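Please look over the sequence and the structure below before reading on. The paragraphs that follow go from the whole chain down to single residues.

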There are 2 protein chains.
Amino acid sequence: MKRLSTIGIYRLALYNRCLSSLDRCDHEYVSSQELANVTGGIATQVRKDLTCYGKLGEPGKGYEIGKLKRMLINIFGKDKVRNVILVGVGNLGMALIAYKGFELQQFKIVAAFDNDMRKIGRHFDGVSINDIRDLKATIASLNAEIAIVSVSTSSAQEVINELVSAGIKSILNFAPARVSVPKEVELHNVDLSIELDKLYYLLKNSR
Amino acid sequence: MKRLSTIGIYRLALYNRCLSSLDRCDHEYVSSQELANVTGGIATQVRKDLTCYGKLGEPGKGYEIGKLKRMLINIFGKDKVRNVILVGVGNLGMALIAYKGFELQQFKIVAAFDNDMRKIGRHFDGVSINDIRDLKATIASLNAEIAIVSVSTSSAQEVINELVSAGIKSILNFAPARVSVPKEVELHNVDLSIELDKLYYLLKNSR
DNA sequence: TGGTGTGAACCGATTCACAGCA
DNA sequence: TGCTGTGAATCGGTTCACACCA
């Protein structure tokens with residue numbers, strides 16, 4: 001069972017989400033062609049993606065939706081609850097706490113951190129805002145493994161260092177900074193201005 | 001001059017940002033090796049990326065920073081101001097309007113739209129919030145080409161249809177929905193829950 | 001010597017073509 | 001007949017090796 005490529009994981013996640021929005025019973029079937037139509041790919045690729053976790057399609061019928069959902073939940077480890085914390089309760093941090101897309105996927109931000117005294121001790125959308133100095137202790141007590149970082153560029157590396165030493169294994173970083181982590185820690189960057197750069201490029205070099 | 005792959009554009013944008021943070025004069029030089037160190041790649045790749053727009057490195061010295069910057073600004077069409085509009089002034093929309101990373105890259109959101117009467121006519125962070133019913137007229141008068149969509153999943157397709165018919169060429173969509181656009185329109189999706197899905201996967205399948 | 005530019009080799013991912021099963 | 005699963009062919013991007021230049 002090999003580790004998938006980033007793009008492979010992405011497509012699997014996409015199938016997962018499309019299944020949820022398919023208004024069909026769990027015991028009904030969906031074909032690779034249909035899944036391809038919804039995700040903008042081709043049927044062969046969908047099949048290749050799905051078969052690397054064992055054969056679960058039925059020739060002539062397709063994939064049983066319930067079975068497929070269970071497989072995907074298992075692949076992503078969503079059967080187990082994982083606590084997510086967030087550092088940096090600015091505009092973006094608040095938006096992420098309140099983000100509706102997370103609820104649908106059973107993600108739960110269990111605590112937030114900031115260094116602004118006016119925010120510490122308060123709640124936002126049901127999530128308590130803690131003193132960043134309590135990061136390590138709180139992470140330990142919550143047994144959190146995933147952190148979302150939405151602090152300023154200048155403090156990103158420092159915050160991430162603390163997260164790593166507190167035992168965080170995976171980090172989703174929104175600060176537009178190149179930060180480094182030990183290789184056993186997973187770091188994903190979401191860089192909004194680079195996304196806009198891409199659009200600029202495509203506009204300038206449009207077909 | 002061929003169109004680059006998505007990942008190629010991404011790296012170019014990354015080089016661009018790293019140059020800004022390099023505290024060195026524009027007339028000094030940077031080597032491909034150095035650029036690779038900062039961006040986490042290898043020197044050969046940096047050179048391959050840069051040479052597809054003509055030779056501008058100098059053997060034995062490297063790339064003149066000012067020249068490289070100008071080339072990148074040109075590649076991304078940032079020499080020309082492009083007006084960006086935003087639809088959906090919820091938590092995420094507000095965070096995007098206030099996002100500091102955009103300023104650094106000369107991106108400017110010139111108008112926002114919403115359908116909430118309590119928001120329409122007000123300003124947020126210097127950006128006026130307009131009635132979504134005025135979308136077409138306002139886009140035309142501002143000559144906007146890029147739109148950021150941060151509306152709910154259920155209204156994403158409808159809003160995007162309107163944007164397309166109003167002449168928008170590039171869309172950055174934050175709604176976790178698969179939406180379709182005519183093929184001449186560029187659509188990029190930023191899907192936050194899929195980013196978390198990836199972290200879940202990596203955590204479950206860690207090395 | 002220290003760097004760039006680039007053809008060639010490599011590698012992984014995508015697509016094709018088709019065997020096989022209900 | 002309709003759809004899956006998969007080896008083979010293909011494609012494109014990455015890396016290597018080295019020619020070349022200041």
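How far apart do the C-alpha centres of domain 1 of chain A and domain 2 of chain A lie? The distance between these two centres is 31 Å. The coordinates belong to a predicted model. In the domain assignment of chain A, domain 1 covers 6-76 and domain 2 covers 82-195.

Some overall values describe chain A. Its C-alpha atoms fill a box of roughly 60 × 45 × 30 Å along the principal axes. Chain A contains 9 helices and 10 strands. It has 207 residues, and 53% of them are buried. Of the contacts in chain A between residues at least 6 apart in sequence, 55% join residues at least 24 apart.

Helix packing comes next. Two packed helices are described by the angle between their axes and the distance between the axes. In chain A, helix 1 (residues 6-21) packs against helix 2 (residues 32-39) at an angle of about 100°, and their axes are 10 Å apart. Angles of 65 to 115 degrees count as roughly perpendicular, so helix 1 of chain A is roughly perpendicular to helix 2 of chain A. On the side of helix 1 of chain A, the contact is made by A:L14, A:Y15, A:C18 and A:L19. Helix 2 of chain A supplies A:L35, A:V38 and A:T39. The residues of this contact of helix 1 with helix 2 of chain A divide into 6 nonpolar, 1 polar and no charged.

Another helix of chain A can be described by its burial. Helix 5 of chain A, residues 91-98, is mostly covered, with 6 of its 8 residues buried. The buried residues of helix 5 of chain A are A:L92, A:G93, A:A95, A:L96, A:I97 and A:A98.

The axes of helix 1 (residues 6-21) and helix 4 (residues 65-75) of chain B come within 10 Å and cross at roughly 135°. At that angle, helix 1 of chain B is oblique to helix 4 of chain B. The crossing of helix 1 of chain B past helix 4 of chain B is left-handed. In the contact, B:L12, B:Y15, B:N16, B:L19 and B:S20 of helix 1 of chain B meet B:I65, B:L68, B:K69, B:L72 and B:I75 of helix 4 of chain B. The residues of this contact between helix 1 and helix 4 of chain B divide into 7 nonpolar, 2 polar and 1 charged.

Which residues does B:D26 contact, leaving aside its neighbours within four places in sequence? They are B:E64, B:I65, B:G66 and B:K69. B:D26 is found in the loop between helix 1 and strand 1 (29-30) of chain B. B:D26 and B:E64 are 38 residues apart in sequence, while their C-alpha atoms are 7.1 Å apart in space. B:D26 has a relative accessible area of 40%, so it counts as partly exposed.

Is B:S170 buried or exposed? B:S170 is buried, because its relative accessible area is 0% and buried means under 20%. This residue is in strand 9 (residues 170-173) of chain B. Not counting residues up to four places away in sequence, B:S170 touches A:L199 and A:L203 in chain A. In chain B, B:S170 touches B:E145, B:I146, B:A147 and B:E186.

Technical notes:
Residues are numbered from 1 along each chain as its sequence is written. Chains are lettered from A and ligands numbered from 1 in the order in which they are written. This is a predicted model: local features need pLDDT of at least 70, side-chain atom pairs count only at pLDDT 80 or more; totals for chains, interfaces and linings use all residues. Side-chain values use heavy atoms; hydrogens and water are left out. Domain bounds come from an automatic or database domain assignment. Axes are lines fitted to C-alpha atoms, for helices over the stretch in contact, and angles run from 0 to 180 degrees between N-to-C directions. Helices (H or I, at least four residues) and strands (E, at least two) are DSSP runs, numbered from the N terminus. Angles under 35 degrees count as roughly parallel, over 145 as roughly antiparallel, 65 to 115 as roughly perpendicular and the rest as oblique. A crossing is left-handed if the near helix is turned anticlockwise from the far one by less than a right angle, and right-handed if clockwise. Contact means heavy atoms within 4.5 Å. Ala, Val, Leu, Ile, Met, Phe, Trp, Tyr, Cys and Pro count as nonpolar, Asp, Glu, Lys and Arg as charged, and the others, Gly among them, as polar. Buried means under 20% relative accessible area, exposed over 50%, partly exposed in between (1.4 Å probe, protein chains only).
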